Amino acid sequence: MGIPLGPTRIFNRIVSGLRTLRFKLFLSYILISVIPLFVLWGIISITIENHLREQRLSELRSWTSQTAVFLSTTNFIQNPTARPMHAVHLGRDSASFSAGIFVADDMGVIIYDSQNPDDTGRLWANANIMAALDGSPGYSIDDGDGVLIQTAMPILDDDNNIIGAVMLAHNMTEAGGLIAGINSSTMWLIAAIAATVVLLVFIISSWLLNPLRNVLAAVKNISEGHLSQRIELKSKDEIAALSAAVNDMAQKLERTESARQEFVSNVSHELKTPLSSIKVLSESLLHKDDAETEIYREFLADIDSEVDRMTKIINELLTLVRLDEIELPLNITYFDLNNLLVDVVRRIRPLAELKAITIEFVANHQLSIDGDEMKLNLAISNIVENAVKYSYEGSKIQVLLDADAKNAFITVADSGIGIDEDDHDKIFARFYRADKGRDRETGGTGLGLAITHKTILMHKGSIKLSSKPEEGSIFTIRIPR
Ligand code: ADP
């Protein structure tokens with residue numbers, strides 16, 4: 001058994017139902033289909049009613065004229081004794097016209113009333129009778145309970161003097177009945193159309209909205225962490241485009257997540273290695289009773305270099321993390337690129353001399369650019385340091401500055417160990433080292449090129465590698481001027 005719904009929950013459900021796309025669609029369809037029907041209904045009933053009124057009015061007028069002639073020729077006004085005889089005729093007419101017949105003398109006193117034959121002799125100040133007594137036909141249409149139509153005509157004697165007036169009064173109830181009939185059938189029609197619209201909207205909205213529901217369910221699933229979730233593309237409409245975009249997003253999230261996991265495991269692994277060395281070195285020192293000072297020194301020097309290595313990894317990681325912070329803007333200044341390269345070469349030269357390597361700097365241009373000088377210095381230093389690290393003793397390294405109208409090109413060429421073709425794409429990834437064994441000896445962390453790559457991308461530039469094992473490597477950096 002489900003939990004009974006309280007009034008608040010019922011209210012909330014209704015409110016959230018009203019906010020759905022299905023309800024909005026439903027409302028639009030209803031408005032589009034039912035409003036014109038109501039308007040049409042109004043126009044038709046008004047037209048019919050007016051037509052019926054006009055028709056009735058003209059009928060009554062002609063009957064009133066006929067009655068006025070009858071009353072003249074029979075001397076109804078002048079000859080009271082013959083009145084009862086003629087009243088029988090008037091009574092029949094009243095029934096066949098379905099109208100009351102009133103006859104007034106020249107003073108406006110009622111001398112015949114078909115509805116109340118005994119109620120005569122009263123004065124009736126009726127506007128239409130008054131108009132007829134004045135010589136012009138009078139008529140009125142009054143909307144009250146029904147529609148009351150009155151038409152009056154003067155009664156003339158042989159000399160054309162007005163001697164009285166006759167009025168027909170008709171209550172147009174049958175028009176009301178007709179209109180009520182039209183109204184009720186129109187209501188039924190509107191109800192039938194509304195019901196059809198409800199049904200159609202239900203079917204159409206399910207057809208339109210079900211794919212959207214699938215997208216929603218998939219997005220929810222993805223946001224809960226099921227990054228392998230994909231939406232099946234069944235059509236080529238906007239919803240399919242949305243689904244494709246969601247699939248794309250999920251794929252990128254999946255890739256980022258796996259890169260993150262790999263990165264974390266790489267970091268842990270990279271830090272674990274020096275830590276294990278430190279642990280082994282310190283434990284063996286602890287367990288060596290009265291070891292010689294020389295041994296202590298040697299082990300402590302090893303521990304010291306492992307600590308240096310960890311510090312280096314952590315510093316480089318911090319640099320990368322800072323580059324990853326998108327909000328952190330580049331500190332752009334206009335600076336002399338030649339000076340920067342001269343500075344990089346000057347700083348690295350002592351390191352190269354340890355391996356009897358010569359570094360040559362060739363500048364084909366004198367050039368200043370807009371960029372983050374410090375970050376570019378670090379980025380280019382990483383490449384030149386690598387050239388030294390991965391070159392043989394006594395070899396040569398060339399740093400070349402070139403430019404075209406749009407870009408500056410910095411090329412660093414060495415004739416060192418080179419990089420296998422398969423590794424060309426991978427060496428810019430974090431912690432990637434082409435030759436793990438050798439890099440450990442060179443003190444590499446696998447983070448330098450990742451930092452360089454990121455920095456160059458942030459400057460909207462690019463970095464290219466051409467290299468063959470045992471022949472050397474050429475890194476070309478392009479930076480827009
Ligand atoms: P590392 O700190 O290990 O040098 P990098 O990210 O700077 O890390 O370089 C990644 C890998 O690319 C290096 O481990 C090395 O295998 C390879 N590499 C980089 N530069 C060169 C080069 N000039 N010659 C040969 N191999 C290189």
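These are my notebook entries on what I looked up in this predicted model.

**Ground rules**

I number residues from 1 along each chain as its sequence is written, and my side-chain values use heavy atoms, with hydrogens and water left out. Since the model is predicted, local features need pLDDT of at least 70 and side-chain atom pairs count only at pLDDT 80 or more, while totals for chains, interfaces and linings use all residues.

**Entry: domains**

I started with the domain assignment, which gives domain 1 (1-220), domain 2 (238-322) and domain 3 (329-480); such bounds come from an automatic or database assignment. I got 93 Å between the centres of domain 1 and domain 2, taken over C-alpha atoms. Five residues of domain 1 are in contact with four of domain 2 (contact means heavy atoms within 4.5 Å). The area buried between domain 1 and domain 2 comes to about 360 Å², and carbon and sulfur atoms give 92% of it. Buried area here is the accessible area (1.4 Å probe) that two parts lose on being put together, summed over both. On the domain 1 side, L212, V215 and V219 lose the most area to domain 2, together 76% of what that side buries. I also looked for salt bridges across this interface, and the rule finds zero. That rule wants a side-chain nitrogen of Lys or Arg within 4 Å of a carboxyl oxygen of Asp or Glu.

**Entry: helix 3**

Next I checked the length of helix 3 (residues 83-97): at 1.5 Å a residue, its 15 residues should span 21 Å, and its end C-alpha atoms are 20 Å apart, which agrees. The expected span is 1.5 Å times one less than the number of residues. Helices (H or I, at least four residues) and strands (E, at least two) are DSSP runs, numbered from the N terminus.

Which residues of helix 3 are buried? I listed R83, H86, A87, L90, D93, S94 and F97. They cover an arc of only 120° around the axis, so they sit on the same side of helix 3; the arc is that of the directions from the helix axis to the C-beta atoms. Buried means under 20% relative accessible area, exposed over 50%, and partly exposed in between (1.4 Å probe, protein chains only). The other side of helix 3 has P84, M85, V88, R92, A95 and S96 exposed. I then looked at what the buried residues pack against: helix 2 (21-73), strand 1 (100-105), strand 2 (110-113) and strand 5 (162-171). After helix 3 comes S98, with a positive phi near 45°.

**Entry: salt bridges**

Over the whole structure I get twelve salt bridges. R53 and D143 meet in one, at 2.4 Å from N to O. This pair links distant parts of the chain, with R53 in helix 2 and D143 in strand 3 (residues 138-143), 90 residues apart. R53 counts as buried at 15% relative accessibility, whereas D143 counts as exposed at 54%.

D113 pairs with R122, the closest N and O atoms being 2.7 Å apart. D113 is buried at 1%, and R122 is partly exposed at 26%.

**Entry: H424**

Last, I found H424 in the loop between strand 10 (407-414) and helix 10 (436-442). Is H424 buried or exposed? At 13% relative accessibility, H424 counts as buried. Leaving aside neighbours within four places in sequence, H424 is in contact with I419, L465, S466 and S467.
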